[in-house]
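Colleague: Could you take me closely through the surroundings of the ligand, step by step, and explain each term as you go?

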Amino acid sequence: MTSSVSFLGTGAMGSALVAAASARGYAVTVWNRDHAKATALEGVSIADTAADAIRAAGVVVVCLLDHASVHAVLDPVADALAGRRLINVTTTTPAEARELAVWAVNYGADYLDGGVLAVPQMIGGPAAEVLCSGSAEIFEAQLPLLESWGRSAYFGPDAGTAALYDLALLAGMYTMFAGFFHGAAMVGTAGVSATEFAARAIPWLQAMAGSVGAFGATVDACDYGGAGQQSLNFSDPRYIVAASREAGVNTDLVDAVRRLVLTQIEAGHGADGFARVIESFTEAA
Ligand SMILES: NC(=O)c1ccc[n+]([C@@H]2O[C@H](COP(=O)([O-])OP(=O)(O)OC[C@H]3O[C@@H](n4cnc5c(N)ncnc54)[C@H](OP(=O)(O)O)[C@@H]3O)[C@@H](O)[C@H]2O)c1
């Protein structure tokens, strides 16, 4: 039997999710505010209204811009959600995901929150992952749909956990990218192209990424004084700040990293290992 699924939102990511579900054999109905983006998709049914799309299937996937746009679309048609399984893969904060889960249940819908760890071109491929939390029943029953998009992982019944995980991983990604751009700006002052710098940065960052496993173990054991760790005094990025200034490069990013390190050194922990920097985050929370 063909399974039906409806999608609200056919922007860049929504369209990729639609195409992957469609290719997996789902009978797909789509609705998008700008109708032209929905009608451009092949092999799907087009709904005139969001309510029509919701009524067309028991499973409704929402992929809109943000939390406000999700409420803008769903609030007027909330009564149509009763008995439906709502999968929201719009990026939101954990609190927003929890709010939407409670809201959906009040209207008789079951709710699964998803964070898509991929860009649209990756959807359906081996590197894409969908992080999920909320309704275990939806997760288990809709695994084939989720796996049409990529790997999937379930983080428990708290609807906010997937968003927390998603945004924590994106924090790592964005600061790594920012670090690359900072370095590219530095060597750019010597006439080195960003492409040439990237060729050196890729193997270096890949090699350094291997350190996070040891950092994780150190943090969990609170073993900042353990043998073999590079000390905070040694890791103080003052030379990076100074070289950036010499080159006339904006120091916002490296100043922020240095502040996190100095917070621990000034508290008397300079001989401890670099992983102690996590205390600068958790103490600020
Ligand atoms: N693109 C990525 O690489 C990526 C990766 C991971 C997660 N995501 C997440 O996926 C979600 C969608 O991203 P996207 O890349 O598909 O963005 P997008 O191409 O900009 O599409 C945004 C979608 O939201 C709709 N929308 C925005 N405001 C609306 C409103 N007030 N009322 C009704 N519809 C509204 C747009 O409708 P119109 O077409 O009518 O404007 C469109 O369908 C976001 O939460 C994003 O963070 C994206």
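**The shell around the ligand**

Modeller: Sorted by class, the shell around the ligand is made of ten nonpolar, eight polar and three charged residues, where Ala, Val, Leu, Ile, Met, Phe, Trp, Tyr, Cys and Pro count as nonpolar, Asp, Glu, Lys and Arg as charged, and the others, Gly among them, as polar. This is a predicted model, in which local features need pLDDT of at least 70 and side-chain atom pairs count only at pLDDT 80 or more, while totals for chains, interfaces and linings use all residues. Residues are numbered from 1 along each chain as its sequence is written, and side-chain values use heavy atoms, with hydrogens and water left out.

In total, 21 residues surround the ligand, and the closest are Met13, Asn32, Asp34, Lys37 and Thr91; a residue is near a molecule if one of its heavy atoms lies within 4 Å of it. Helix α1 (12-23) and helix α4 (67-74) each supply at least two residues of this shell, and α1 gives the most, with three residues; helices here are DSSP runs (H or I, at least four residues), numbered from the N terminus.

Turning to polar contacts, which are pairs of N or O atoms within 3.5 Å, a polar side-chain atom of asparagine 32 lies 2.6 Å from an oxygen atom of the ligand, and an N or O atom in the side chain of threonine 91 is likewise 2.6 Å from a ligand oxygen atom. With alanine 12, a polar backbone atom is 2.9 Å from an oxygen atom of the ligand.

Note on methods
A polar contact is a pair of N or O atoms within 3.5 Å; within protein, one must be able to donate a hydrogen and the other to accept it, and residues adjacent in sequence count only if both atoms are side-chain atoms.
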